[in-house]
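Hi everyone, thanks for coming.

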Amino acid sequence: MNLIVSAPSGSGKTTLLKKLFGLYPDRFGFSVSATTRKPRQGEQDKKDYYFLSLEDFQRKINKQAFLEYEQVYDGLYYGTLKSETERINDLGLIPVFDVDVKGGVNIKNILGNQAYSVFIMPPDTEVLKQRLINRNTETPESLNKRIQRAEMEIKYADKFDCIIVNDDLDKAVNEFVQTVNKHVLCHG
Ligand code: ADP
Ligand code: 5GP
């Protein structure tokens, strides 16, 4: 099985995934994406992302190294490397794809019933904005881009196998862990 998790930026996807990995440290392998975005403070190359120049990213597109890729924000590319799924499968782990909504729908279409897709929904755009402000990672410009994009992304929610509204964190973690348990872990 494979697990796909998508959400508008700031919805709490990273927080929920960390909880899941904490509960099941030996079952999942995080698919490390490639990106042309600059690392945030504390992010490590090859662990959080493969941080690439635009030229290197383009070279990988030409070599057909990506399962999927998207220009998620103006000028910023993100992509899932085919080599990541092989690496994780070879380790006997369940690949987890943390991708934007279009990437999530694309991977689900490629993997079909070998994948379970979860959409993490923010309670509303105001809360989303406040969480992004509190996270302290965005400039006013990148904050606006993320909020604008969120409105488009929420329209994709019903294309996913499951929607988790992340309002109360403990409740969202419980729902997330339960659905992953039932649809992913129980299928090996
Ligand atoms: P994403 O990975 O979807 O961009 P994060 O997991 O980084 O989102 O969460 C965005 C911010 O919101 C973080 O600072 C996180 O600690 C906070 N957060 C996540 N879930 C909740 C919640 N249910 N209630 C309040 N704050 C939350
Ligand atoms: P961030 O810059 O906050 O790390 O990520 C921005 C968005 O890009 C998030 O929605 C994240 O899920 C998405 N993303 C990360 N990696 C990939 C990827 O490999 N493919 C696609 N399509 N989106 C990705």
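Let's start with a term: a polar contact here is a pair of N or O atoms within 3.5 Å; within protein, one must be able to donate a hydrogen and the other to accept it, and residues adjacent in sequence count only if both atoms are side-chain atoms. With that in hand, a nitrogen atom of ligand 2 sits 2.7 Å from an N or O atom in the side chain of E68.

Some housekeeping. This is a predicted model, where local features need pLDDT of at least 70 and side-chain atom pairs count only at pLDDT 80 or more, while totals for chains, interfaces and linings use all residues. Residues are numbered from 1 along each chain as its sequence is written, chains are lettered from A and ligands numbered from 1 in the order in which they are written, and side-chain values use heavy atoms, leaving out hydrogens and water.

Staying with ligand 2, there are 19 residues around it (a heavy atom within 4 Å), and K13, S33, R37, Y49 and Y78 come nearest. A polar side-chain atom of K13 is 2.6 Å from an oxygen atom of ligand 2, and the side chain of S33 places an N or O atom 2.7 Å from a ligand 2 oxygen.

Now, which residues come nearest to ligand 1? Of the 13 around it, they are G10, T14, T15, R135 and N166. A polar backbone atom of G10 lies 2.7 Å from an oxygen atom of ligand 1, and for T14 an N or O atom in the side chain is 2.4 Å from a ligand 1 oxygen. R131 has a side-chain N or O atom 3.3 Å from a nitrogen atom of ligand 1.

R135 brings us to helix packing, because it belongs to the α5 residues T125, L128, K129, L132, I133 and R135 that meet L143, R146, I147, A150 and E151 in α6 (contact means heavy atoms within 4.5 Å). The helices are DSSP runs of H or I, at least four residues long, numbered from the N terminus. Helix α5 (residues 125-135) and helix α6 (residues 140-154) pack at about 150°, their axes 11 Å apart; axes are lines fitted to C-alpha atoms over the stretch in contact, and angles run from 0 to 180 degrees between N-to-C directions. That makes α5 roughly antiparallel to α6 (an angle over 145 degrees).

At the N-terminal end of α5, D124 is the cap, with a side-chain oxygen 3.0 Å from the backbone nitrogen of E126. After α5 comes N136, whose phi is positive, near 65°.

Last, helix α1 (residues 13-23) packs with helix α7 (residues 169-183) at about 55°, with axes 10 Å apart. Thanks, happy to take questions!

Note on methods:
Helices (H or I, at least four residues) and strands (E, at least two) are DSSP runs, numbered from the N terminus. Angles under 35 degrees count as roughly parallel, over 145 as roughly antiparallel, 65 to 115 as roughly perpendicular and the rest as oblique.
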